[in-house]
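Q: Hi! Could you walk me through some helix packing and the cavities in this one?

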Amino acid sequence: MIFTPTPFDPEQIVFGPSALKHLRDFLKGRNYAPEDIFILTDENTANFCLPELPDLVHDVPGEQLIKISAGEKSKSLKNAEKIYRLLMEREATRQSLLVNLGGGVITDLGGFVASTFKRGISFVHIPTSLMGQVDAAIGGKTAVNLDGIKNQLGTFSFPEQVLIYTGFLKTLPEEELLSGFAEVIKHALIANRGYLEYLLEQDLHNPGTDWETIVKRSVEIKSDIVLQDPYDFGVRRKLNFGHTFGHAFETCMQRKGRAVSHGQAVAAGMICESHLAYLKTMISFTDLGFILSSIQKFIQKIIIEADDFDVIFDLIRSDKKNERERINFSLPDRIGNVQINKGAAHVEILECLNFYKML
Ligand SMILES: NC(=O)c1ccc[n+]([C@@H]2O[C@H](COP(=O)([O-])OP(=O)(O)OC[C@H]3O[C@@H](n4cnc5c(N)ncnc54)[C@H](O)[C@@H]3O)[C@@H](O)[C@H]2O)c1
């Protein structure tokens, strides 16, 4: 296989209040005419975020503003098809540009559509949720879900620009903010203890919270890992910390009709996987306690029952990161580092679930 060495360029990530102005310069610099530009939003980002881009709204013909329903259900092949048809009807060409303005659903779906339409057109991400800004818009993974299974179809495809304006977070519902914050905590746990200590000093309800610093620091950590392994064959799996248990929690709770946010599930997953690291004597009891209290300071626990254990175990076993029968985890060996490809036995997984249930 031949890969370009580094398709991911952190230089294309622009931060701050001027990020939105930068879009105008970017469009001008690339000679995009208004007819070339399509904007994908959901009903909330069309309402709360699109007005922050008055020039674009003014210039781009109204029928090139695409609005879909908000929520994970929209990350579907059906919606991708709808957008392909719209692009065709409105005579998009290979020179067209798709601007994805929204949370992770919009950047995943819009990135997927752009990277496959006519074998790929350019796209720009303007992430508007914390999850989007620190995670989904960074690193070139695009996806749609299929038959209720997350991210079954997708591409590695890198946006021309990622424009991050933390002012968008003002209108983000608290539950969504906390969901994104779980990934922020994950970044600290996998890369930098000092950053975790900084986060612990934060009061997220304080309107003066310095989101710019937090988002920048998290993006740096993710970018640094993606740069080393853009196609996820090795070190990028560090970012999966909390996600093997986390995805299983997310699906289990959804099936029970008590859906939890992605971040809440990842937070639960990080607790279970830290316990697993403790069982394997990779971290001390003191470190386990510190991780636990750090997560629980911000993110509410999920209530699970012993009856859920088998379902969660089966979901973990079918996780895409597993190789044949081996179940793989990314586990901490101290606060600020994780090791990838660590196996675990059935009995250890059950012990972690029991530990979490008893908290
Ligand atoms: N590609 C990746 O590497 C990657 C990484 C992490 C997550 N993801 C994906 O991201 C998705 C989750 O992202 P998300 O949490 O942003 O979900 P989301 O896109 O559904 O956004 C959450 C909610 O917040 C609303 N919203 C977004 N920005 C807003 C704003 N500024 N003001 C008011 N409301 C706003 C949305 O309309 C939605 O209702 C999942 O599908 C997940 O799989 C992808």
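A: Happy to! One thing to keep in mind is that this is a predicted model.

Q: Good to know. At what angle do helix 10 and helix 13 pack?

A: The angle is about 130°, and the axes of helix 10 (residues 243-255) and helix 13 (residues 309-317) are 9 Å apart. Angles over 145 degrees would count as roughly antiparallel and 65 to 115 as roughly perpendicular, so helix 10 and helix 13 are oblique to each other.

Q: And which hand does the crossing of helix 10 and helix 13 have, left or right?

A: Right-handed, as helix 10 passes helix 13.

Q: Which residues make that contact?

A: From helix 10 you have T244, F245, A248, F249, T251, C252 and R255, while helix 13 brings V311, I312, L315 and I316. Sorted by class, the contact between helix 10 and helix 13 has 8 nonpolar, 2 polar and 1 charged residues.

Q: Nice. Moving on, how far apart are the axes of helix 7 and helix 8?

A: They are 6 Å apart, and helix 7 (residues 174-191) packs on helix 8 (residues 193-200) at an angle of about 145°.

Q: Who meets whom there, in helix 7 and helix 8?

A: On the helix 7 side there are F181, V184, I185, H187, A188, L189 and A191, and they meet R193, Y195, L196 and L199 in helix 8. The contact of helix 7 with helix 8 divides into 9 nonpolar, 1 polar and 1 charged residues.

Q: What about helix 11 and helix 12, at what angle do they cross?

A: Roughly 175°, with the axes of helix 11 (residues 262-279) and helix 12 (residues 285-298) coming within 10 Å. Helix 11 and helix 12 are therefore roughly antiparallel to each other.

Q: How many charged residues are in the contact of helix 11 with helix 12?

A: None: by class it has 9 nonpolar, 3 polar and no charged residues. Helix 11 contributes A267, M270, I271, S274, H275 and Y278, and helix 12 contributes F285, L288, I291, L292, I295 and Q296.

Q: Changing topic, how many cavities of 30 Å³ or more are there?

A: The count comes to 4 cavities of that size. About 80 Å³ of space lies in the largest cavity.

Q: Which residues are closest to the centre of the largest cavity?

A: F8, D9, Q12, P159 and V162, out of the 13 residues that line the largest cavity.

Q: And how does that lining divide by class?

A: The lining of the largest cavity has 8 nonpolar, 4 polar and 1 charged residues.

How values were computed:
Residues are numbered from 1 along each chain as its sequence is written. This is a predicted model: local features need pLDDT of at least 70, side-chain atom pairs count only at pLDDT 80 or more; totals for chains, interfaces and linings use all residues. Side-chain values use heavy atoms; hydrogens and water are left out. Axes are lines fitted to C-alpha atoms, for helices over the stretch in contact, and angles run from 0 to 180 degrees between N-to-C directions. Helices (H or I, at least four residues) and strands (E, at least two) are DSSP runs, numbered from the N terminus. Angles under 35 degrees count as roughly parallel, over 145 as roughly antiparallel, 65 to 115 as roughly perpendicular and the rest as oblique. A crossing is left-handed if the near helix is turned anticlockwise from the far one by less than a right angle, and right-handed if clockwise. Contact means heavy atoms within 4.5 Å. Ala, Val, Leu, Ile, Met, Phe, Trp, Tyr, Cys and Pro count as nonpolar, Asp, Glu, Lys and Arg as charged, and the others, Gly among them, as polar. On a 1 Å grid over the protein atoms alone, a cavity is a set of points where a 1.4 Å probe fits but cannot get out, and a pocket is an open set with protein on both sides within 12 Å along at least five of seven lines; lining residues have an atom within 4 Å of a point. Grid points are joined across faces, edges and corners, and a volume is the space filled by probe spheres set on the points.
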